[in-house]
Amino acid sequence: MSQGQFNFCFSRRTLLATAFVAGLAGLAGCSAGDATTPSPTADSTSAAGSTGNAQPAQGGTVTIALDREIPNIDPKENLIGQQPVLILSNAIYEPLMTTADGGTFAPVKAESFEANADGSEWTLVLKSDLVFSNGDPLNADAVIKHVERMSDPAIGASSAGQAEQISTMTASDDRTVVFTLKAPNADFIGQFARQLGMIAHPTAVDEFNFPLGSGPYVVTGFQSGSEIELTRSENYWGEPAVADKLVYKMLPDADSRFQSLQSGDVDIIWTEVTKQMNEARSANLNVNAAPAAVSSLLMNQANRALQDVAVRKGIIQAIDREALNAVVNMGEGVTVDNPYSLQTAVAPTVDYPAYDQAAAEAALKGKNLSLKMIVENRVDTMQRATAVQDMLSKVGVTVEVSPVESANFASTLKAGDFDIADFVTSVFGDPNGATMVFSSDGPYNFTKYTNSTVDSEIAASKTTTDSAKRAEHFKKISDEITKDASAAWYTASNAGIISSSDIAGVPDVSKLTLVSINPKTIGKSQ
């Protein structure tokens, strides 16, 4: 839907070659020593993870519980790129890039991914001998056809906006693709860590009519909204996966997922519920998480009352963020106040409005606001929405809380069917998040926010790889967003997985700003 030092170390000449966390193939964009974790809440207490000593045994079945129903696993779908689902989509499609420590990105199937001086041209070189699960080569032509498919309006891909920024793609040889962009974008590389980098076979599909991937597993069972079975791929390009099979159960209810883990019905669960993480530690279960779920309140400026900046600021001042953190995150959330808060090396300091109930009452007096708040129907988000509802009622604002199932939440946001929205996302794990949410034409600009200075500064930030210059642009962007009171910021809270004590090979995610796990290294302990 993450905390760590941001070092913009994608050289315009080359990516630095260095090892990524155990079990993830490829070269890292920054050395591990460049990244630090500023938050003490980053959690890598997994005895079976990459920070522990337990080793997985080859074979067997690992059962993983997801937090939402998955009706379609085609990489064109928005769900496939969402943080809790990456442990599934990485197994099938395994993107060209993955997240690395401190907000950086590491190649997986790429040998290199290099930019020219201003980020207007990028050259991707694939590793040799890459193949899809049917043995067909994954080459430059396949990459081009995949990106073309993502940009096709008839497909309706969630990554279409990212693909559309490309002016031309040229295969200079079988392993090399040159991307020429319509405008410079120093953040372009990060977009290949999700759907744009999940290269699907141009023509071949599996028995369930999903495009073939090139990941460590293939789909051998699919029950929409219920269960997905994966089996180790015989044609995987890298080291074979550890487990013979992965079974994914779709359990949207957080309590049910946790109970299934405790009873032994599943081996791994996704969670963003702090209480469950604390209980898991006490029960000798393994927790592997990072502050990677940024929560905020979006205010839809299609509502005429919310077009008034004084009203939006009043709403912000009515919300006690410390109380929210105590209620929802048991005090473990990391406060954020701008879209770059997680990029600590370049994170700006802004004059964010402090909690002030009296000032909020004065700003909202006589407005008679009655607002519809949409919220994902989950334990933690409903807790926060109920608390915000109560806080706003104290300053004269009536809030109707409208729960939406996770599978439908993105489409509800896109339709603009809300006045205010509890928004939990992982897009702020890299600098491109501000572009997606706050630029006038951003694909996640659900509130119709516009500011010409923000647009121009975002554009300028993409024309340089110099961290100091980018930090200046990020400061101006954040100041404008703060001045406009465009969103009420809450926290970055821990998100990740809890696993049973007999699971080993889980990579350490504690320094990531986006929890992206490839399950190929995970298995039952020896």
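A residue counts as buried when its relative accessible area is under 20%, as exposed when that area is over 50%, and as partly exposed in between (1.4 Å probe, protein chains only). The model looked at here is predicted, so local features need pLDDT of at least 70, side-chain atom pairs count only at pLDDT 80 or more, and totals for chains, interfaces and linings use all residues. Residues are numbered from 1 along each chain as its sequence is written, and side-chain values use heavy atoms, with hydrogens and water left out.

Start with the whole chain. Its secondary structure comes to 13 helices and 20 strands; helices (H or I, at least four residues) and strands (E, at least two) are DSSP runs, numbered from the N terminus. Of the 526 residues in the protein chain, 60% are buried. The accessible surface comes to about 18,500 Å², and carbon and sulfur atoms hold 46% of that. Such areas come from the Shrake-Rupley method with a 1.4 Å probe, and for residues only the protein chains shown count as cover.

Next, the aromatic rings. A pair of aromatic rings is described by the distance of the centres and the angle of the planes. Rings of Phe, Tyr and Trp (its six-membered ring) pair if their centres lie within 6.5 Å; planes under 30 degrees apart are stacked, over 60 edge-to-face, and the rest tilted. The count by this rule is 18 aromatic pairs. One of them joins phenylalanine 188 and phenylalanine 192, edge-to-face, with 5.1 Å from centre to centre and 70 degrees between the planes. Phenylalanine 188 is buried at a relative accessible area of 0%, and phenylalanine 192 is buried with 0% as well. Phenylalanine 210 and phenylalanine 222 also make an edge-to-face pair, at 4.9 Å centre to centre and 75 degrees between the planes. That pair links distant parts of the chain: phenylalanine 210 sits in the loop between strand S8 (176-181) and strand S9 (217-223), while phenylalanine 222 is in strand S9, 12 residues apart. Both phenylalanine 210 and phenylalanine 222 are buried. There is a cluster too, made up of Phe113, Trp122, Phe179, Phe188 and Phe192.

Now for a pocket. On a 1 Å grid over the protein atoms alone, a pocket is an open set of points with protein on both sides within 12 Å along at least five of seven lines, and lining residues have an atom within 4 Å of a point. The second largest pocket has a volume of about 520 Å³. It has 21 lining residues, and the closest to its centre are Gln165, Asn185, Thr435, Asp441 and Lys462. Helix H3 (160-163), helix H11 (432-438) and helix H12 (452-461) are the elements that give two or more residues to this lining.

Finally, a few single residues. Threonine 513 lies in the loop between strand S19 (503-504) and strand S20 (523-524) and is buried, with a relative accessible area of 3%. Its side chain reaches the backbone oxygen of glycine 429 at 2.6 Å. Glutamate 272, in the loop between strand S12 (268-271) and helix H5 (274-282), is buried at 5% relative accessible area. Glutamate 272 and asparagine 329 are 57 residues apart in sequence but 9.0 Å apart in space, C-alpha to C-alpha. Tyrosine 490 belongs to strand S18 (residues 487-499) and counts as buried at 2% relative accessibility. Tyrosine 490 and aspartate 320 are 170 residues apart in sequence, with 9.2 Å between them in space, C-alpha to C-alpha.

Definitions and conventions
1 Å grid on protein atoms, 1.4 Å probe; cavity = no way out; pocket = protein on both sides within 12 Å on 5 of 7 lines; lining within 4 Å. Points joined across faces, edges and corners; volume = space filled by probe spheres on them. Polar contact = N/O pair within 3.5 Å; in protein donor to acceptor, adjacent residues only side chain to side chain.
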